[in-house]
Amino acid sequence: MLLVTASFVAVRGMVRMLHAPLGFQPQGAMLAEMDLSEVEGDVPVEKTKAMIDALRSISGVTAAGTLSKVPFTGGIRGIPVFPAGTTEFTLNNSVLAPYRFTISPGYLEAAGTRLLRGRDVSWRDTTKTSYVAIVNGTFARKMWGDTPAIGQRFILLGHLREVVGVVEDGKYHEIVESPQPVVYLPLSQSEQSYATFVVRSPRAPNEMAAALERTLSALEPNAPITVQSWPDAMAGALFSARAATGALGVMGLLAAMLAVTGIFGMAAYNVSRRMKELGIRVALGARTKHVMSAAVGRPIVLLGIGSLVGLLLGVFASRLLGQIVYQANPRDPVVLGGAVLTMTLLGIAASAIPALRALAVDPSKLLREE
């Protein structure tokens, strides 16, 4: 019962994980990674903008933009943030260490990230204008509480920046992480040596991959390009959860087979030893329920007691399961109901043949054999 409960918890956790709010929509999006460090000289912002415009002109593309680092691919580190007016930039004076992403205009739309308040970054945000930033909800709450974030200022990477937009929270490093503060900086106000183009389109991934590679190679033939769908890029981040679900599912299946074998063996042995007693009961007019109780009552009682103990152990093991399964909750009514129903059906299936054998007892035949 413990393993069956754990397998239900794993499946339930996997379903939750697949539907967890990520802060972006990977389905229907393609990633084209381009290493611009191989290109001679600096890549101007105008060249990147031309690449994005070329990608948007591809048939079927609805949105396109760039991102400095794709979530769930590692290499994301916190950058210290200082309040406006700070003069000594030491870690002791920092108030947050959010993840930082550099984005181009159009990325939020291409990624499916909701802009809650304010505006998107713009190509008009340059090094000659005021430095701006977009933050997520967690950043805004930790920095300013209930005070509106739009128009607030902070210092990041040596520049005083003004918040012009707030986006939804999401997942950035791993699926089980708690809400983390994040800041998005405009591409036109940042240095760029490595870019990932995010393109959203309803076309098939293989068609889009070929079109993206042709378009980018025509614009910058010396830059290495890697194209894949966003769900494929996240496969590594989801592998551990899928492996845990598969392992616990197999263990639950083996436990179910063991339960069926044990119950059937016990019930069959009990019936074979008590055939004469059952025959006498039938000859004396015992009712069907009394015969059933005498034949398979003990295995069913043991099944019920063992299932109850296993269910309680599964509930108490929630902390351990939480280290393996996303949002593990053995107290979930669906998990409890599924585990109880499974063990009930297993008990009925395993005791059916011995019970039918007990009900088919012929007292006259037993007397002749005696």
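The largest cavity in this structure has a volume of about 70 Å³. Gly23, Phe24, Tyr107, Tyr172 and Tyr184 are the closest to its centre, out of 13 residues that line it. Please keep in mind that this is a predicted model.

What kinds of residues make up that lining? Eight are nonpolar, three are polar and two are charged. In total, the structure holds two cavities of 30 Å³ or more.

Next, helix H4. H4 runs over residues 137–144 and is mostly covered, with six of its eight residues buried. Which ones are they? The buried residues in H4 are Gly137, Thr138, Phe139, Ala140, Met143 and Trp144. As a reminder, an α-helix has 3.6 residues a turn, so residues three or four places apart point the same way.

What covers the buried residues of H4? The cover includes four strands: S6 (131–136), S7 (153–156), S8 (159–167) and S9 (182–186).

Most residues other than glycine have a negative phi. Leu157 is not a glycine, yet its phi is positive, at about 55°. Where is Leu157 found? Leu157 sits in the loop between S7 and S8.

How values were computed
Residues numbered from 1 in each chain as written. Predicted model: local features only at pLDDT ≥ 70, side-chain atom pairs only at ≥ 80, totals over all residues. Heavy atoms only, no water. 1 Å grid on protein atoms, 1.4 Å probe; cavity = no way out; pocket = protein on both sides within 12 Å on 5 of 7 lines; lining within 4 Å. Points joined across faces, edges and corners; volume = space filled by probe spheres on them. Nonpolar A, V, L, I, M, F, W, Y, C, P; charged D, E, K, R; others polar. Buried < 20%, exposed > 50% of the residue type's maximum accessible area, 1.4 Å probe, protein only. Helix = DSSP H or I, 4+ residues; strand = E, 2+ residues; numbered from the N terminus. Contact = heavy atoms within 4.5 Å.
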